[in-house]
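Please look over the sequence and the structure shown here before reading on. The briefing that follows takes up side-chain pairing, helix packing and backbone geometry in turn.

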Amino acid sequence: MKSKMTRIPVREQDPKVRATNFDEVSYGYNEEEAQAEASRCINCKNPRCVANCPVSIKIPQFIQQVTLGNYTEAARIIAEDNSLPAVCGRVCPQEVQCEGACILGIKGEPVAIGKLERFVADWSRENGVRFTEKAPSNGIKVAIVGSGPAGLACASDLAKLGYEVTIFEVLHKAGGVLQYGIPEFRLPKEEVVEVEIDNVRALGVKIETNVVVGRTITIDELFEKENFKAVFIGSGAGLPKFMGIPGENLNGVFSANEFLTRSNLMGAYSGESDTPIYTGTRVAVVGGGNVAMDAARTALRLGAETTIVYRRTEKELPARVEEVHHAKEEGIDFRMLTNPVEILGNEKGWVTGLRCIKMELGEPDDSGRRRPVPVAGSEFDIEADVVIMALGTSPNPLIANTTTGIETDRYGCIVADEHGATGRPGVFAGGDAVTGAATVILAMGAGRKAAAAIDEYLKK
């Protein structure tokens, strides 16, 4: 009998094979594996996993239903708090949230909560299970700016309460970062993202694409001309950051946003697409977060030798442990304690390499991590045809600049309280528009809090 301290392993594509394709890396659990893993849960009296879930899914309850084979009921329990379970089961950082708090993780391995959530969501999709129960319409219109995780979560909760919800999306497809940011091999678009967005539509939520709020229509006009009674801003953080070093204007330098958007949203990863994407033969990705891993693993699959350049040690990498592990398995080179100082180019203006300097760790900075300090005289060059900057993002200033009554901080993020309320009555904000760097599940949590606050505001 397998010990409760050891989790059921998840089947995956062979690293050498998956490094050449964009098929999903993880196969997930089958029914037998899911029930065996679910049986490890000890149903704690005070479940720390729930307290550490940003959307407060009733984790022990849904896992108990999986143990019994009652998958529809498990799905119903999850749906009470999470409108995107197949997404969250794949891309949420469970290891530092629900699973990180699992009591079994003290002496063994935590329950694979994320993989079980994915199993239930995938089973629901394959068996046509969908929950569309909602209160009767109250006739009150609420607008959502952005169809990413925060916007979808806020829209779902408000629709269930009876509000008439319309999402305005700037791109031609709904989903935000789920569409343009996360690669197919981590999050399949047609069978996962599109299905979960359709589930939101099934609640009566309208989604209008190709609408640039702040240009096509302003938030002021949504109130004054379209008769919306509240607006939620979940516009994300699509403005990329660069280092400000020499050579950043050379041909072959990309932001991770552009590189991943070309591949994911515009289909450049597929040979059938007309969308151009350039990787050369050697790619250097600067950064250590999940976006850096996504960009590096995408470049590898497009045929380039890929190196990740990060100024701290592996211990400080902000990316998920699972993504770092997968990247290493696939053959991506990691240059730790390394920081670029110049991008090198030829006389035609194309990238030829990356000049770097070695770093060492000093005292902790504001993030709590030890600050990297350059080692004098340690410069060296890395050959590269392409350099991808994955250094984080900040919100697009368009909405803040065209909306009266809201404020931004020095990073360009919208100022809002813990419930998403801004300085203007009826305008709420959450996710990356407020934080500049939320995960999918944190953004969803912010969207749900804002939905509750909007409901309270409109009932006054």
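A crossing of two helices is called left-handed if the near helix is turned anticlockwise from the far one by less than a right angle, and right-handed if it is turned clockwise. The model is predicted, so that local features need pLDDT of at least 70 and side-chain atom pairs count only at pLDDT 80 or more, while totals for chains, interfaces and linings use all residues. Residues are numbered from 1 along each chain as its sequence is written, and side-chain values use heavy atoms, with hydrogens and water left out. Helices (H or I, at least four residues) and strands (E, at least two) are DSSP runs numbered from the N terminus.

**Helix 5 and helix 7**

- The crossing of helix 5 with helix 7 is left-handed, and the two helices pack at an angle of about 110° with their axes 9 Å apart; axes here are lines fitted to C-alpha atoms, for helices over the stretch in contact, and angles run from 0 to 180 degrees between N-to-C directions.
- Helix 5 and helix 7 are therefore roughly perpendicular to each other, given that angles of 65 to 115 degrees count as roughly perpendicular, those under 35 as roughly parallel, those over 145 as roughly antiparallel and the rest as oblique.
- On the side of helix 5 (residues 71–79), Tyr-71, Thr-72, Ala-74, Ala-75 and Ile-78 meet Glu-117, Phe-119, Val-120, Trp-123 and Ser-124 of helix 7, where contact means heavy atoms within 4.5 Å.
- By class, this contact of helix 5 with helix 7 is made up of seven nonpolar, two polar and one charged residues; Ala, Val, Leu, Ile, Met, Phe, Trp, Tyr, Cys and Pro count as nonpolar, Asp, Glu, Lys and Arg as charged, and the others, Gly among them, as polar.

- Leaving aside neighbours within four places in sequence, Ile-57 is in contact with Val-50, Phe-62, Ile-78, Asp-81, Asn-82 and Glu-117.
- The C-alpha atoms of Ile-57 and Ile-78 are separated by 6.0 Å, although these residues are 21 residues apart along the chain.

**Helix 8 and helix 17**

- The axes of helix 8 and helix 17 come within 7 Å and cross at roughly 35°, and the crossing is right-handed.
- In this contact, residues of helix 8 including Ala-153, Cys-154 and Asp-157 meet residues of helix 17, among them Met-444, Gly-447 and Arg-448.
- The contact of helix 8 with helix 17 has 11 nonpolar, one polar and three charged residues.

**Salt bridges**

- A search of the whole structure finds 37 salt bridges, each being a side-chain nitrogen of Lys or Arg within 4 Å of a carboxyl oxygen of Asp or Glu.
- Arg-448 and Asp-157 meet in a salt bridge through their side chains (2.7 Å, N to O), and the pair links helix 17 (residues 440–458) to helix 8 (residues 149–160) across 291 residues.
- Both Arg-448 and Asp-157 are buried.
- The side chains of Glu-322 and Lys-115 form a salt bridge (3.2 Å, N to O), which joins distant parts of the chain, with Glu-322 in helix 14 (residues 321–329) and Lys-115 in helix 7 (residues 113–126), 207 residues apart.
- Glu-322 is partly exposed at a relative accessible area of 23%, whereas Lys-115 is buried at 14%.
- Arg-186 forms a salt bridge with Glu-323, their closest N and O atoms being 3.6 Å apart; Arg-186 lies in the loop between helix 9 (177–180) and helix 10 (189–201) and Glu-323 in helix 14, so the pair ties together parts that are 137 residues apart in sequence.
- Arg-186 is buried, with a relative accessible area of 10%, and Glu-323 is also buried, with 2%.
- Salt bridges that share partners join Arg-186 and Glu-323 into one network, whose members also include Glu-12, Arg-18 and Asp-294.

**Positive phi values**

- Most residues other than glycine have a negative phi.
- Ser-56, which is not a glycine, has a positive phi of about 55°; this residue is in the loop between helix 3 and helix 4 and counts as partly exposed at 39% relative accessibility.
- Leu-337 has a positive phi near 50°, and is found in the loop between strand 11 (333–335) and strand 12 (338–345), where Leu-337 counts as partly exposed at 24% relative accessibility.

How values were computed
Buried < 20%, exposed > 50% of the residue type's maximum accessible area, 1.4 Å probe, protein only.
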